[in-house]
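This briefing is for a reader who is new to the structure. Please look over the sequence and the model before going on to the points below.

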Amino acid sequence: MPRRLGLRAIALGYLLVILLAPLGMVFYRTFQHGLEPVWRVLSDHYTVHAFEITLIATALAVPLNTVFGVLCALAIVRRRFRGKGLLNAFIDLPLAVSPVVIGLALYLLYGRTGWFGPWLQAHGIQVLFALPAIVLATIFVSVPFVAREVIPVLREQGNEQEQAAATLGASRWQRFWRITLPSIRWAVIYGVILTTARCLGEYGAVAVVSGRIEGKTETATTLIDDMIQNFQNGDAYAVAVVLAAIAVLVLVLMTVTRPKEAL
Amino acid sequence: MSIEIRNVTKRFGSFLALDDVSLQIPDGSLTAVLGPSGSGKSTLLRIVAGLEQPDAGEILLSGEEATAVSPQRRDVGFVFQHYAAFKHMTVRDNVAFALTIRKRPKQEIRDRVEELLELVQLQGFADRYPSRLSGGQRQRMALARALAAKPRVLLLDEPFGALDARVRAELRDWLRRLHEEVHVTTVFVTHDQEEAMEIADRVAVFDHGRLEQVGAPAELYDTPASEFVLRFVGDAVRLGSALVRPHEIVLRRWPSDGAVEVEIERIAVLGADARVELSDGDGDRLSARLRRDEFEDLDLTRGEIVWATASASHRDAKAQQTLR
């Protein structure tokens, strides 16, 4: 068994150095001087507002991308249509392109000289440097996760169960709610958790389009960056810890919800 | 409910799955659709259920045009080869499905499910999930599920294909008895001629998307309409220029008109019958099936030369002619 032990040591050692050490450091630095300074930072008006913005964007992006992801997966697996390969490739675009580039693209589209910019300005709708841009950026970067989780499960299941349901008298709607959705539920839940994690942690695209106006368009991640820029490292740690704690919670949820055989 | 298939044609890309097929299935009958894989038999069943649309032709159910009717309105029960069990539901919920979506009263559903579970002998399994049932049990569950809403037609697509030989034989008997009890028009698809001959009152033989012959099992065996049917339904061997059944071969120790000289290669005694494997002058092998007493009278031994003729006297002369 020395070889297997070696493999395990490499895997765990790698994770320790790359993932756990920095994370542990953040926790350590945050609580170095006790809870009081942490609480002071977290209860600060600007911090609370930044978390609100992050949560609003997440609360909009997750349901939208869940519905879109499930529909996309169904279309890709069950339907034959022109441009299917293209759709399949496009879903992965947000993973392939750097979030900063996505942010820049949104900036150009909704900016004063972009395609949508002038029209929006004429109608008094503020997208850039406001909540809509943050929400759009968050939606964009979190598109792939639900679809990517659901597609392989749908492929594996085939559609015999739906055909059986049809011959038993179930309408399209009944087949979806009673057969399709229950049989992909783990994949959907898993996808939702990953999407949520991605939305909460989004920085790059949001940093470009939000304008980072303190107390207005600052999100939790951009706030951390600002704090570091202003040498408020202690404050940055406190906010980072909350994000890290949410991430850990998400991981735990993922492990608990994942069906045993999938591990 | 009677089923009428009129001039149905179906293509998948360049593959012709069904070629102008017409077939009538009388009300209350138990019909087997028999053919090798790729003969179009499953496609035909799926078209009757509405799971596939024909490219041409029509389907009439109880004399009414039903080609464009969706599967959920055709009132058919369909049983799939691989069960298509609803994995996330218990056996009870699986069987109750058709009634649940029709929003029948709870008590009625409960009673009907009990009744069906008894019919398929799964009384003790109501709260299990399909993953904890054997293949035979899953297929019986699927049958109960298909029967729940009292369909007017029961369609079974290779229902026993995925099961082992013993369970298969059990379920065959059981399907036959079930049909006598429930009396719903039943069509089942199979590639196993023994299965078709044993269960069905009528057998429709398919090859390459064409209906070769339809009739009672004995009819197909005795008066096959084509060489394909002769070969596919029951065993057939080539003796000289003719195709015959192994039991039709008569062996003699002396030559006669039209007899073929053969050498005995192997002898196997199988209970009441004996199988004698022969090779003719060209090295082609064939096997004859003799009654045990006949065989013993002849006192054959391996390596002997004998003369073989066919006694196909009972077979229709016209059919013989088309075979040659």
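Predicted model: local features only at pLDDT ≥ 70, side-chain atom pairs only at ≥ 80, totals over all residues.

How many Å apart do the C-alpha centres of domain 1 of chain A and domain 2 of chain A lie? The C-alpha centres of these two domains are 28 Å apart.

**Domains of chain A**

- Chain A is split into domain 1, residues 1-30, and domain 2, residues 35-262.
- Five residues of domain 1 of chain A and seven residues of domain 2 of chain A make up the contact between them.

**The interface between the domains of chain A**

- About 580 Å² is buried between domain 1 of chain A and domain 2 of chain A, and 86% of this area is on carbon and sulfur atoms.
- On the side of domain 1 of chain A that touches domain 2 of chain A, three residues are nonpolar, one is polar and one is charged.
- Zero salt bridges are found across this interface.
- One residue pair is in polar contact across the interface, with both residues at pLDDT 80 or more.

- B:Gly57 sits in strand E4 of chain B, which covers residues 56-61.
- B:Gly57 counts as partly exposed because its relative accessibility is 35%, a value that falls between the limits of 20% for buried and 50% for exposed.
- Apart from neighbours within four places in sequence, B:Gly57 is in contact with B:Arg6, B:Asn7, B:Val8 and B:Thr67.
- B:Thr9 is 48 residues from B:Gly57 in sequence, while their C-alpha atoms are 6.3 Å apart in space.

Methods
Residues numbered from 1 in each chain as written. Chains lettered and ligands numbered in written order. Heavy atoms only, no water. Helix = DSSP H or I, 4+ residues; strand = E, 2+ residues; numbered from the N terminus. Buried < 20%, exposed > 50% of the residue type's maximum accessible area, 1.4 Å probe, protein only. Contact = heavy atoms within 4.5 Å. Domains from an automatic or database assignment. Buried area = accessible area lost by both parts, 1.4 Å probe. Salt bridge = Lys/Arg side-chain N within 4 Å of Asp/Glu carboxyl O. Polar contact = N/O pair within 3.5 Å; in protein donor to acceptor, adjacent residues only side chain to side chain. Nonpolar A, V, L, I, M, F, W, Y, C, P; charged D, E, K, R; others polar.
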